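Thanks for coming, everyone. Let me put the structure up, and then we will walk through its cavities, a sheet and a pair of helices.

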Amino acid sequence: MILNNNVPNRKKGTMDQRKIKRNTIGVFLVLMALYLSLIAYFCYAVLFYGSRWFADSYNTRVKLDEKNPQVIPGTIMDRNGVVLAETKEELIKDPATGKIEKYYLRVYHDSAASVAHVVGFNHSKYGRMGVEAFYIYYLMGYNNSLLEKIYQKAFLPQERGNDVVLTIDFRIQDYVSQLMRKQGKKGSVVLLNPKTGEILTMVSYPTFNPNNMESVDDDSLVNRATQGLYPPGSIFKVVTAAAAMENLEDIRQRKFNCNGAVEFDGARIQCYKGEAHGELDLAQAMAVSCNTTFANLGVEIGWKNLLRTGKKFGFNEDFLFSDIRMKPSSLHLNYKTSKQEMAWTAIGQGRVLVTPLHMAMIAAAIANNGVMMEPKLLYRVVGRNGSIQKQMEPGGYKKVVEEEVAGALKNMMVKVVLEGTGRQAQSDKITIAGKTGTAEEGSAGQPNKNLAWFVGFAPVDNPSLAIAVLLEDVGQGETGGTQAAPLARKVLEKAIELGY
């Protein structure tokens, strides 16, 4: 009898081969999944961040050569055709050779400081900023068709980019800049159309002259409208009020009792100058900006609900707008948030931070029946022959609250200006609604500084303008009601006078 001793070994060998095959397939599938994930992430990054990378000042492909540029950048204009920046050909003596050479210089408006943070600059030392950076794709003609590029190379002495027309109205922009210069306080004013998102004015002060970059200081280069993060103070109460209406039953019929101060975990929160407002409802609490009522409401609403409403208004969001770059506003709330921190957050202090442009968008959303529009700065792109290559189209960004809640917030903001802290925004030319805020800003070892805010819209019946005003480091006793509200009124009146 012959025994086949190799049979078990063969079976074992076959099983090992199958196991190796399974493992190989498994590793292959894992690697394939990782590879596909990498491709998906690459596509996502290019889609959402590609234009920002392209516009980065470190992208040397779009650097302007002053003596021999490959493409002459287009002109930047305001919505009425006022030239804000253009490329001029000038004959200049070369300091190295002594010869007269032809240069292509970027030249800005005589009052360029009024609009410097919007238009930006293209400078050999500081790189690019503002529209000069973000719209370089159009200014250098990279959006031109292949036929247009071939035509320019073949028949033009020098290739030329496209003109960019902004939604900004230079008349209002310059007016606001002069107001802020007279006031002498650092800050920002943003004015936009709540129905379309068009930014009519976006001023940051102090400013600089892009025609003379040699004497600029770093602080003036900061665009406070889009890059400045500040505690909102009481203007955040519109978000808290929205959260209360969305989450607390019969909130609009309830009465609150203000004794002038309230304590949470040993921390005392009081109303302005400790004033006791007595019995009042939600609208009255908003009008007089009652801290104790809103601090109590914040604790009652809870971190989840306030965070949910805050996110709907755009907090903690990485704004990837096609027309503008801005820092995300922050609202730090989670299950570890204490009652004390909830109370401070509900009145706009604590760890809540916001940019002036974002606050203008929030005011605009309330004015626009709860719909927040995407902010627009690019009005149109005009080609070499005057052809319109791109035209501004309004785009809804998100619905932040239901129309009924927005309507209630509107009425509250009307009351603020009629009989509350915003009385200095009252105008005999237009009806204005708004909310004031006086926030404290400071760090460890540094004395606190007060910020004055006003956000609002006009005309109340059919809002065509929404505004945010921020003033830094206001004096003792000065508030959003005494400093920011009258400035907002002047700006809104000027815009109405010009037909907006």
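First, a term. A cavity here is a set of grid points where a 1.4 Å probe fits but cannot get out, and its lining residues have an atom within 4 Å of a point. Keep in mind that this is a predicted model.

With that term in hand, take the second largest cavity. Which residues line the second largest cavity? They are Ala-113, Ser-114, Ser-177, Met-180, Val-203, Ser-204, Tyr-205 and Thr-207. Two elements give two or more residues to this lining: helix α6, residues 170–183, and strand β10, residues 199–205. β10 gives the most, with three residues. By class, the lining splits into four nonpolar and four polar residues, with no charged ones. The volume of this second largest cavity is about 30 Å³.

Now step back. How many cavities of 30 Å³ or more does the structure hold? Two. The largest cavity has about 40 Å³ of space. Its lining includes Leu-192, Asn-193, Pro-194 and Gly-197. Met-361, Ala-364, Met-373 and Pro-375 also line the largest cavity. Here the classes come out as six nonpolar, two polar and no charged.

On to the sheet. Strands of a sheet pair through backbone hydrogen bonds, either parallel or antiparallel.

Let's zoom in on one pairing. Strand β2 covers residues 76–77, and strand β3 covers residues 83–93. The two run antiparallel and are joined by two bridges. Find Ile-76 on your screen: its bridge partner in β3 is Ala-85.

Last stop, the helices. Two packed helices are described by the angle between their axes and the distance between the axes. Our pair is α9, residues 237–247, and α11, residues 291–301. At what angle do α9 and α11 pack? About 50°, with the axes 10 Å apart. That angle makes α9 oblique to α11. The crossing of α9 and α11 is left-handed.

That's the tour. Over to you for questions.

Notes: Residues numbered from 1 in each chain as written. Predicted model: local features only at pLDDT ≥ 70, side-chain atom pairs only at ≥ 80, totals over all residues. Heavy atoms only, no water. 1 Å grid on protein atoms, 1.4 Å probe; cavity = no way out; pocket = protein on both sides within 12 Å on 5 of 7 lines; lining within 4 Å. Points joined across faces, edges and corners; volume = space filled by probe spheres on them. Nonpolar A, V, L, I, M, F, W, Y, C, P; charged D, E, K, R; others polar. Helix = DSSP H or I, 4+ residues; strand = E, 2+ residues; numbered from the N terminus. Pairing = 2+ DSSP bridges. Axes fitted to C-alpha atoms, helices over the stretch in contact; angles between N-to-C directions. Parallel < 35°, antiparallel > 145°, perpendicular 65-115°, else oblique. Left-handed = near helix turned anticlockwise from the far one by under 90°.
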